[in-house]
Amino acid sequence: MICPKCGSNAVYDQIVHDTTVETQQKGFSCSKACCGYFFFDVWGILCGLCGSGKTRTRTSTKQRVVHICQTCGNRF
């Protein structure tokens, strides 16, 4: 492989891991409120708040190959 910047053949490959973290917070649930209203009358609407404030975390990792020139340090 040849470096596009300086034309050198001294190029090596490196695997890079890109990690992203997403967090999501729960809020009011209409389905829980309807069930609570059915079973407990008006006070059951507060059942829609059960479980709110909890967070859910999702992590994803991707790998990619980066070519690095040993002569000029160019990454491509």
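**Exercise 1. State which residues Val66 touches, leaving out those up to four places away in sequence, and place Val66 in the fold.**

Solution. 
- Contacts: outside its sequence neighbours up to four places away, Val66 touches Tyr12, Asp13, Gln14, Val16, Arg75 and Phe76. The model used here is a predicted one.
- Element: Val66 belongs to strand 2.
- Distance: Gln14, one of the residues that Val66 touches, is 52 residues from Val66 in sequence, yet the two are 5.2 Å apart in space, C-alpha to C-alpha.
- Burial: the cut-off for buried is under 20% relative accessible area. Val66 has 7%, so Val66 is buried.

**Exercise 2. Work out which residues Val65 contacts beyond four places in sequence, and how far Val65 is from Ser52 in space.**

Solution. 
- Element: Val65 is in strand 2, which covers residues 55-69.
- Contacts: with neighbours within four places set aside, Val65 is in contact with Asp13 and Gln14.
- Distance: Ser52 is 13 residues from Val65 in sequence, and their C-alpha atoms are 41 Å apart.

**Exercise 3. Decide whether Lys62 is buried or exposed, and list its contacts beyond four places in sequence.**

Solution. 
- Element: Lys62 also has its place in strand 2.
- Burial: exposed requires over 50% relative accessible area. The value for Lys62 is 60%, so Lys62 counts as exposed.
- Contacts: aside from neighbours within four places, Lys62 is in contact with Val16, His17 and Asp18.
- Distance: Thr20 is 42 residues from Lys62 along the chain, with 8.6 Å between the C-alpha atoms.

**Exercise 4. Decide whether Asn74 is buried or exposed, and name the residues it touches beyond four places in sequence.**

Solution. 
- Position: Asn74 is in the segment that comes after strand 2.
- Burial: the relative accessibility of Asn74 is 19%. The limit for buried is under 20%, so Asn74 counts as buried.
- Contacts: residues up to four places away are not counted. Asn74 then touches Cys3, Pro4 and Lys5, and also His67, Ile68 and Cys69.

**Exercise 5. Find how many aromatic pairs the whole structure holds, and classify the geometry of Phe38 and Phe39.**

Solution. 
- Count: searching the whole structure gives one aromatic pair.
- Geometry: the ring centres of Phe38 and Phe39 are 5.1 Å apart, and the planes stand at 75°. Planes over 60 degrees apart count as edge-to-face, so this pair is edge-to-face.

**Exercise 6. Describe the elements of the protein chain and their order, then compare its radius of gyration with the globule rule.**

Solution. 
- Elements: the protein chain has one helix and two strands, in the order β-α-β from the N terminus.
- Spread: for 76 residues the globule rule gives 11 Å, whereas the radius of gyration is 27 Å, so the chain is more spread out than a compact globule.
- Box: along the principal axes, the C-alpha atoms fill roughly 75 × 15 × 15 Å.
- Burial: 18% of the 76 residues are buried.
- Contacts: among contacts with a separation of 6 or more, 69% join residues 24 or more positions apart.
- Surface: the chain exposes about 6200 Å², of which carbon and sulfur atoms supply 56%.
- Charge: there are 9 positive and 4 negative side chains, and the centres of the two sets lie 2 Å apart.

Note on methods: Residues numbered from 1 in each chain as written. Predicted model: local features only at pLDDT ≥ 70, side-chain atom pairs only at ≥ 80, totals over all residues. Heavy atoms only, no water. Helix = DSSP H or I, 4+ residues; strand = E, 2+ residues; numbered from the N terminus. Rg over C-alpha atoms; globule rule 2.2 N^0.38 Å. Buried < 20%, exposed > 50% of the residue type's maximum accessible area, 1.4 Å probe, protein only. Contact = heavy atoms within 4.5 Å. Areas by Shrake-Rupley, 256 points an atom, 1.4 Å probe, with all protein chains shown as cover. Lys, Arg positive; Asp, Glu negative; His and termini not counted. Charge placed at Lys NZ, Arg CZ, Asp CG, Glu CD. Phe/Tyr/Trp six-rings, centres within 6.5 Å; stacked < 30°, edge-to-face > 60°.
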